[in-house]
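Try each one yourself before reading the solution.

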Amino acid sequence: MASDVIIIGAGLNGLVAANYLAKAGKRVLVLERRAVAGGQAVTEAFGSGFRLDVLHAGGQLRPDIVSDLGLDVPASRSEPLISVLPGGGQLRLTADSDDRTLASIGSVSKRDAERWPGFVAFMSEASGFLDAAYRTPMPRLPNVSFSEGLPLAKLAMNLRQLGPRDMFRVIRALPMSALELTEEWFESDAVRAAIGAVAVHGATLGPMSAGTGYTLMHNWLNRGGLGHRRVEGGVGRIADALVAALKARGGEVRLSADVKRIILDDQTVRGVRLANGEEIAASTVMSAADPRHTLLTLVGAPELPPEFVWAAQSIKMRGSVAKVHLLTDGNHGLPAGTLIVAPSVRYVERAYDAAKYGQVSQQPYLEITADGAVVSLHYQFAPYALRERDWGQERAVLERSAVDTAAAAFPQLRSSIREIKSLTPLDLERTYGLTEGDLNHGQLILDQMFFMRPMPGWSTHKTPIDGLFLCGSGVHGGGGISGAAGRNAAKVVLKA
Amino acid sequence: MLSTLELKVTPFHERTSRLSVAQNWRRWAGYRVVGSYDLSLDHEYWAIRDRAALIDVSPLMKYVIEGPDAARLLHRLTPRDIDRMTVGQVAYTGWCDEEGKLIDDGTISRLGPQHFRLTAAEPSLRWLSMNAVGMDVRITELTDQVAALSLQGPKSRAVLNRVCKDKLDGLKYFRWMNTSVGNVPISVSRTGYTGDLGFELWMEADQALPVWDALMTAGDDYGITPCGILAMDMARVEAGLFMLDVDYTAAPHAWIEGQKSSPLEMGLDWAVNLDKKGYFVGRRALEREKREGSAWRMVGIEVEWEGLERLFAEVGLPPQIPSMAVRESRPIMCDGKQVGYASTSTWSPVLKKYIALAHVQRPYYEVGTSVLMEVTVEHHRKYAPAKVVKLPFYEPAWKKK
Amino acid sequence: MSVNTYDAIVIGAGHNGLIAGAYLARAGKKVVILERREIVGGAAVTEEIFPGYRFSEFSYVVSLLRPEIIRDLELPRHGLKILPLPSSVTPLDNGDYLAAWADHEPTRREIYRHSPRDAEAMDEYSRVMARAAKAIKPVLSLVPPDPSSMSVRDMLGLLRLGKYAKSLSEKELYRIAKLVTQSSADLLNEWFEFDALKGTKSASGIIGTFLGPHSPGTAYVLLHHYMGEIDGAFRAWGFAKNGTGGVTAAIAASARALGAEIRTNAAVKQVIVKGGRAAGVALENGDELRAKVVLSAADPKRTFLGFVESQYLPDEFVTQIKSFRVRGSSGKVNIALSALPQFTCLPGESPLHKGAISISPSIDYIERAYDEAKYGQFSKNPYIDIIIPSMIDRDMAPPGHHVMSCFVQYAPYDIEGGWDDQKRDAFGETVIRTLERYAPNIRRIIVGKQVITPKDIERIAGITGGNIFHGELLLHQLFFLRPAPQWADFRTPLPGYYFGASGAHPGGGVMGAAGKLAAHEVLRDWR
């Protein structure tokens, strides 16, 4: 039976889009290149069989998506963010301002502890605004129709209802640097650095870069605070829930179905061609792959207008995250929580400086999470595009400085290591299909947000190819594994 | 030192500068070229129409496009159906942006199955490269390396037959061939910018002078005349040929949308193959325009001489017309309102008419419509009666024979 | 009425203060302009630092001065002449150079020499930037509406702004959105490949900011510098006859001719508040002056935290002004020379000596210079923008001798350990050493040199933090957020007190728009 809609990629956004369409009665076929669904939200086994959340140590779908789709998602809990300070100190931060958090902050600065609840309130207001913005479709400017303009006007009213003071605080904070923002609240460098680290998590930016106010809000929204939201049984279970729900709605997911080409007939979609040569017809194709790959590889530049091709080429991807996973004997000595090595703002900024010049940071900002005997090191910054070396040479350097940095904070760790599995940005591209290893399918920078995501003029999920829609992280709502982009795109397709 | 501050000179400069009596130089694409050799244009103009005029057109931008996707690139770049072009053929084409507005125009010569030469008025390397993303094709600019001469006029073939190794009698309109002059290999295309019988000769820049000399010697019996670009400007208006940034604004140069022109508006319907397969830049916009009709068109305007005479007679003067093509905007009126403007106007010595290329709004662009063109009569604005006519104004029987 | 009673008092005789004062006088008001220093001009002054050698001490080029101000105040009649800077040149490390001219064709040929691709890209880039500048320019001469306000005036302002946005084409609108948010490195990397070209262009995006070319938002600053009024030029900057002090001298002469009084050596201590309104000022010397309105053209910190007691201003406003970023990032080295510097790439006297000379070999070079500054050091290899004013205006130095102005970035105001004489000397030496790499004879021909750190800018010109724009051109410090949300309309929370200087919309450069707009708003409120 022919499908109404083919969706390329069974990541969370692809699966969320599929569910919304299936719920509306469409026949949906999801094609996944890998043998496992989930995209970035996968729990996989490596080496001797150790299982872990490969790319994201936690995550959550937007709660409204969970309820819209009636999903049976596993429980998740928010972890505290623990910043490891030189000399063995720790700074424990949570978004609920509990006594332990306030005491911990108080140990570095009394004044900062007093200001913490106010900061948390501001951040929830700001991320709340961002949540609303991610739900609001971003029409093409400047000729916005009344029906498109209404949700925007609503969003503007939401903002105005915050009152002038908070409204301006939110507006000002978006283009600010995390340092500037935190300087307005806190005096302690350690507190500023911990927040700055969350702000640059996944981004190729430093805490002194303009626009990290925005990425802070974004990450705060997706995490529901500072620490990770750990999923019971692994993040892969979110994907499992989505696949199950899709099947129940009559949709289909085909694994190991590698789409090589979107078939066109004069700028109109006719279907897709798989790596094995099989062609599947459909008049609507949604791609949850990143926009650069979708447009320049699956469609192909020769089929697209030159200025559009240039804009697609100009999407800033430049991932600089690497992962170093360790199987230990269990005696790694790590406390529970989302641990970070980001002792000072300058430390994190210097780690970022290396990425600017195509080098792997020798003193990286690390995020360390442990699940039983498995320890995961999230490593920043390790740029996809190395200047003088290549990733074949640099893997050993990456693994060494990852372990050295982590072991400096947790000395027991080194001797507990049994196996190492590292993922360079190049691996993220090759294995997980993330162009330039960018987890967000396009950097979360000011000129790639809202109306300009993925490209100026194309924030509507549409493309110059009739019947082809974008629904991955690289479009509005996206960045992270929240499913917002998939939902937004599905709504557009249902209206089309 | 600081040679970049000087204008470039063409490979023929040694000859052209010595022949130039008027020292009337013009800037063309960063080069210094002869505007007119003589103090008046008559002699040069009539060489085009009656004898053989030799024009240095080296500043034309020249690109060679080669590789497996060469045809595919040009197919995508232009509205012409490149698949239908055979080796040896030359095609005139404009090319557009995605909104279907003209960026530039020039000729494509198919040199081989995977080998083309493109001429353009403006530097186009960037636009070509932007269009070649994802294609297996090599684009080389040869503007400075390749010299170009245009030999135009009824006697041009006879002159060439004398100097070229091969006879050119078989070379049809908009075809090209390889031959040589002396021991200099050249390629000759039967093309030009005058609307007369004519040829364009392409050769390596460092072998350009012998070709010039051979032509001048052999052409002497036929009255060959070096001709500047001002006389050519008159001839091209008679031929209904337009010029970038004079008769249309290249889309990238336009400050506002209204300044842009589509090939359909410019009357290039015959060079827009909407029936061809596949994507090309501007396709959808052009399809839409074809469906909905163009808002205005480039047309010929012929001023009625008696009416013009009357306007001048009112102040006691005989008609006064500039003796060369004038690139200045003149309003075209109808029913008491402005319905367009002339972008270039000229006295046509062969037709004995005052003619103009004009942008005219629908429905006034229909052939035969009576309009008025603004003229200045003794410092006062007046309106001369005129008619919309079919282009070209002048097309001699021998042009395509 | 006593002599010391005015309609309006303007604090500060920099260009904005003088312009505001001149406009108020032109409207028939009795105006006094008070200047702390013994000379007028603020940061736009010409001083004879060494006998016979005259320097535009701080601000050294003019591109942004609004032409309507030149016309309204009849500045040419009062001596204003803006001489063109015809070219710019970037010496390269390989002994070659990259030049740009006011004329398009030689510029094209010059770039073509280095990169044919960039030569074409530059044509298109210049058009795109010119169009963006054209599109954004009207916004600069507009009083920013308050988006949180429900007042008719603000709503109308927002509506007008929305309408204006709709009048732009899709391409223009997105281009502007992109320019406002992008980093200049990203912008330039999309267009060009030649390092020196990108480096030189990116420099315009960081001048006066505490940002590197990779920082988002720097593309806007680049555009800001693109808005020069002398049309058609690559870098439409000019040099004022008699130095930048020539501009303020002309404005001062115009203001006087219009009836304004200018008092120098009149440092303001405090704004006098009566019945909840600004009612005059008290000077450091104990004099008191009364007026219906007071307009400050000082920087925002001194305007609100220095001159006014905090009890008269809302707490939130005070907090906002306190967090307003004014970190100076640039210094100046003014050098008197006994001969023309011999640049390796420009032997002898070249026409390029008449234009700007830019030490900006690549984006990385500038970014690395920034890296040092963000960690509290001045750049070891700084970006330097050089002009030799005596090549343009022969009256600036004795015959055969020259003056050279070097604008240097980065030199952080908050240098680690604070600025002292030793650090100033080291900074000056770094600049000379950098220059020596490109002009080896420089050290031998130095007659005298004046090194100005951001601290010196603060001390001499009175700009808190030493930022040349009175406040960094950061996205969150522009338009309706400049200098503080809800107070971008040149009014302040203290009735009768107005603010019209570089720290207000539309920001810095010798533009004068803030002074003019502020005067306009004063007159609008006049009852």
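**Exercise 1.** Find what kind of contact the side chains of B:Lys277 and A:Asp265 make.

*Solution.* Keep in mind that this is a predicted model. Start with the distance: from N to O, the two side chains are 3.8 Å apart. The cut-off for a salt bridge is 4 Å between a Lys or Arg side-chain nitrogen and an Asp or Glu carboxyl oxygen, so B:Lys277 and A:Asp265 form a salt bridge. Next, widen the view: the rule finds two salt bridges across the interface of chain A and chain B. Finally, sort the residues on the side of chain A that touches chain B: eight are nonpolar, three polar and five charged.

**Exercise 2.** Work out how much area chain A and chain B bury between them, and which residues of chain A lose the most.

*Solution.* Begin with the total, about 1,300 Å², with 52% of it on carbon and sulfur atoms. Then look at chain A: A:Gln267, A:Pro302 and A:Pro306 lose the most area to chain B, together 44% of what that side buries. To finish, count the residues in contact, 16 of chain A with 16 of chain B.

**Exercise 3.** Explain why C:Cys345 has no disulfide partner.

*Solution.* First, check the total: there are zero disulfides over all chains. Then find the closest cysteine sulfur to that of C:Cys345, which belongs to C:Cys406.

Conventions. Residues are numbered from 1 along each chain as its sequence is written. Chains are lettered from A and ligands numbered from 1 in the order in which they are written. This is a predicted model: local features need pLDDT of at least 70, side-chain atom pairs count only at pLDDT 80 or more; totals for chains, interfaces and linings use all residues. Side-chain values use heavy atoms; hydrogens and water are left out. Contact means heavy atoms within 4.5 Å. Buried area is the accessible area (1.4 Å probe) that two parts lose on being put together, summed over both. Ala, Val, Leu, Ile, Met, Phe, Trp, Tyr, Cys and Pro count as nonpolar, Asp, Glu, Lys and Arg as charged, and the others, Gly among them, as polar. A disulfide is a pair of cysteine sulfur atoms within 2.5 Å.
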